[in-house]
Structure formats: C-alpha cells, structure tokens
Amino acid sequence: MRNLYRELGVKSILLIEDDPWSRDSLSTFFRIVECSMQSAETAMDAVVAVSRHPFDLILCEYQLPGMNGLALLEMLGKIQPASVRFLFTSYPVRKLADEAARAGIQEVIRKPFAMETLEESLLRYFPRRRTGGLDPVCVH
C-alpha cells in the first residue's frame, strides 16, 4: 500500500477537533497510514502539545469551544512557523479564505471531506514546502 504521508515527509500530525467522532475517525486513519499523530480537544491542549513537540502538519476544526480555529492556528503558527496548517470548517469556505491567508494558514477545507481531499491538499503544499516556496491559501 502506498503511503503518501511518508513519501511527502509528513511524520508528525496534530489534530485539533472537539467532536469525538471526527477526532476518533481521523486518528484511526492516521494510525493506519503509520503517521505519528496527537490529538487535542481544546485550544489549550493544542498550545501545550505544540510547546512540547514539533509537528509537520496541524489540522484544526474552525469551531472550537472558547476560541475559533482560525485564531488558534494563527497563534500556533507563531510557535511553530514551519508547520503546515489546515483549517476544517462546515461554514462557507470563501468567507474564511482571506482571513486564513492573512493568518498564514495554507488551506481551508470544507467539511465533510474525503481523505482524498486532504491528500490533494498535501500534494499541493508539501513539495513546495521542501523547496522553500509558500503559496497563498487554497480553498476546497
């Protein structure tokens, strides 16, 4: 079985998701593809995780208790600027795209999504990351 995550150099992932079903589903998928993944249920849990461990990829739900994912990803980007950051949302994506771009978030992905959507996003960004180029936010 091809492991796209390994091929792209995605070794460690932080998933920030307060919905237990979504968190467990994504956690199971990342275990299957042998990615080192840590999950956080709250913004505070995410800040603690990022302060203790570097992540290649940070995936975050937009609507979190106490803080929206956009603000959280912007803050986490200041702690780990080399991390690729994707925002998931069930809200209209276009409304968040400009704000996400200003916050340095690489992709905004509309929920629900297929894992192929996430993988397409990784293919668009990770090869450029290794060459040092940065693209503006992509919207899906």
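How many aromatic pairs does the ring rule give here? The count comes to four. The rule: rings of Phe, Tyr and Trp (its six-membered ring) pair if their centres lie within 6.5 Å; planes under 30 degrees apart are stacked, over 60 edge-to-face, the rest tilted.

A word on sources. This is a predicted model, where local features need pLDDT of at least 70, side-chain atom pairs need 80 or more, and totals for chains, interfaces and linings use all residues. Residues are numbered from 1 along each chain as its sequence is written, and side-chain values use heavy atoms, without hydrogens and water.

Take Tyr-5 and Phe-29. Their ring centres are 5.9 Å apart and their planes at 70°, so they pair edge-to-face. Tyr-5 sits in helix α1 and Phe-29 in helix α2, 24 residues apart. Helices here are DSSP runs of H or I, at least four residues; strands are runs of E, at least two; both are numbered from the N terminus.

Phe-29 also pairs edge-to-face with Phe-30: centres 5.4 Å apart, planes at 70°.

Buried or exposed, what is Tyr-5? Buried, at 1% relative accessible area. Buried means under 20%, exposed over 50%, partly exposed in between (1.4 Å probe, protein chains only). Phe-29 has 19%, so it counts as buried.

Now strand β1, residues 12-16. Five of its five residues are buried. Side chains in a regular strand alternate between the two faces of the sheet. In β1, Ser-12, Leu-14 and Ile-16 lie on one side, Ile-13 and Leu-15 on the other.
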